[in-house]
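Trainee: I would like to learn how to read a model like this one. Can we go through it feature by feature?

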Amino acid sequence: MFNLFLAVSPEIFIINATSILLIHGVVFSTSKKYDYPPLVSNVGWLGLLSVTIAHFFWNNLFRRDNFTYFCQILLLLSTAGTISMCFDSSEQERFDAFEFIVLIPLPTRSMLFMISAHDSIAMYLAIEPQSLCFYVIAASKRKSEFSTEAGSKYLILGAFPSGILLFGCSMIYGSTGATHFDQLAKILTGYEITGARSSGIFMGILFIAVGFLFKITAVPFRAAISLLTLYMWAPDIYEGSPTPVTAFLSIAPKISISANISRVSIYGSYGATLQQIFFFCSIASMILGALAAMAQTKVKRPLAHSSIGHVGYIRTGFSCGTIEGIQALLIGLFIYALMTIDAFAIVSALRQTRVKYIADLGALAKTNPISAITFSITMFSYAGIPPLAGFCSKFYLFFAALGCGAYFLAPVGVVTSVIGCWAAGRLPRVSQFGGPKAVLRAPFYYIRLAKRMFFDTPRTWILYEPMDRDKSLLLAMTSSFITSSFLYPSPLFSVTHQMALSSYL
Amino acid sequence: MFLLYEYDIFWAFLIISSVIPILAFLISGILAPISKGPEKLLSYESGIEPMGDAWLQFRIRYYMFALVFVVFDVETVFLYPWAMSFDVSGVFIFTKALIFVLIIIVGLVYAWRNEHWNGLSS
């Protein structure tokens, strides 16, 4: 009986910490004696502490295995990273609400539950509070219409797939009478081969897959215009939310939902149906992420598009149902989390000085060369250029895809990777901004950002404020990992291999 | 028609419950007297002449009252079965229900202390 409490003790710790944090915040920030202090940084540091300490409560019991361990540690560390990004932007944008910080450990707790969920009901019950907290913090900047728009779009874009997911779970329950993934694995193994196909099960699996793909902002069903509109909302959500929220929402749900999808589709229902859907969505995401990121002028939107595209690459990891696939997925997730934290930390540091458009980055190389170098390292890693970590993850993903027979997907992936680097050589912007040295033959897209930073003379010189200590520490850690992982990738590879093996058993 | 035979009753229920409002609208559409005139287009204000502006600023307190009411109402609904089976369930169930109530109390403390929700404590 008490084993139950021990098993979920990380989540219990975070729940207690969140409640205490909330009460602490509200009691002290409304007390006349202390003259109503807005407690944002206070609560922020405590939240950061609680999220980092939570992983010490690990207990190797119940339905957890090494796969869960890896994903949860990754999740907690990414959340800690995003909270540390919040401090300065809260000061800068005069953000007086400490509830924003309380609403970050709360979905973390739900995501921890989600990663270790082995049952459809537990999975849905964990997805819902996580999404709900995200809807709220996406709309938390009350004076900005962009933020409100982002929040309402995210609400619709998130509530709709939750419904589809639940409908799929209920259809599977109605047809098989089982919700636990162990039971589903026994029932659904080889159901396509033996000919005992039931349309209820097939529709149920289809609905679950579609629900998950929507939640991970994939690009499904591009023939339907209405669904295309829903896809088009995802970059608006990324752009309109406040920057730390965008960082949080592009890393953390992707980790937990990827872990969940791989559990459902590989452990629960192993078959070719889902595989084709996932492959198609991966290809579509890769292509669209590369193409749409080319035509952007602001700083946050191409990051949004490239993160959607990169999640498409990662999705090929669990699309092939092999162990290398899951290993590639975990490696990809880890490197993706680091790159995204890196990119959003730089963007949120630059936003202090009202950098919104890419053209504003022009003075970065001359006023702040180190952050320019870090930003270009991150962008090159996204592009998949060899000595950096992004290349490792993409290489292993395509290797796993080839290993399971997806001979169409790997070349498409490589080509879109290159296209993501390539922008049309004759964009009028380039000719406007470029000096004689700056017009390269075929300016690559991510390299275009670097070009903009290093080679262009800007029209207006923007004075950048120096970065604060927390963010610079974070950037140092992540960018050093990105540059050095090519030389010594074996700890990551062996750890993820162990995790992948344990998720199969 | 369905995999489980009980669903046929559900189908019948669905059809009947869809037919009744349609029937209501049809009958009222046929039997009700319809008169047209300029006074039918005025907005209704309990029979008197409409006065003042129709558009008021939305007061957020109404929404907050409703929100807090819904939360505590759902909590009450969850506590009813626990209360009914209180005498046969042991200490373990009591502890779990207590934890549930404690989590809701955290929300109550927040709503009580926060100055935006001050209408509730007065």
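Trainee: Leaving aside neighbours within four places in sequence, which residues is T316(A) in contact with?

Mentor: Keep in mind that this is a predicted model. Contact here means heavy atoms within 4.5 Å. By that cut-off, T316(A) is in contact with S282(A), M286(A), L397(A) and L409(A), once neighbours within four places are set aside.

Trainee: Where is T316(A) found?

Mentor: In helix α14 of chain A, which covers residues 300-319.

Trainee: Is T316(A) buried or exposed?

Mentor: Start from the cut-off: buried means under 20% relative accessible area. T316(A) has 0% relative accessibility, so T316(A) counts as buried.

Trainee: Now the whole chain. How many helices and strands does chain A have?

Mentor: Chain A has 23 helices and zero strands. Of its 505 residues, 60% count as buried.

Trainee: What share of the contacts in chain A join residues at least 24 apart?

Mentor: Take the contacts between residues at least 6 apart in sequence; 80% of these join residues at least 24 apart.

Trainee: What does M123(A) touch, not counting residues up to four places away in sequence?

Mentor: M123(A) touches M114(A), A117(A), C169(A), F181(A), F212(A), N260(A) and V264(A).

Trainee: And chain B: what order do its elements follow from the N terminus on?

Mentor: The order is α-α-α-α. That is four helices and zero strands. Of the 122 residues of chain B, 8% count as buried.

Trainee: Which residues of chain B does the UniProt annotation "transmembrane region" cover?

Mentor: The unreviewed UniProt entry gives residues 12-34, 62-83 and 89-112. Check such a record against the model. Residues 12-34 of chain B are 87% helix and 0% strand, with end C-alpha atoms 35 Å apart. Residues 89-112 of chain B are 92% helix and 0% strand, with end C-alpha atoms 33 Å apart.

How values were computed:
Residues numbered from 1 in each chain as written. Chains lettered and ligands numbered in written order. Predicted model: local features only at pLDDT ≥ 70, side-chain atom pairs only at ≥ 80, totals over all residues. Heavy atoms only, no water. UniProt positions renumbered as here; feature names shortened; annotations may be inferred. Helix = DSSP H or I, 4+ residues; strand = E, 2+ residues; numbered from the N terminus. Buried < 20%, exposed > 50% of the residue type's maximum accessible area, 1.4 Å probe, protein only.
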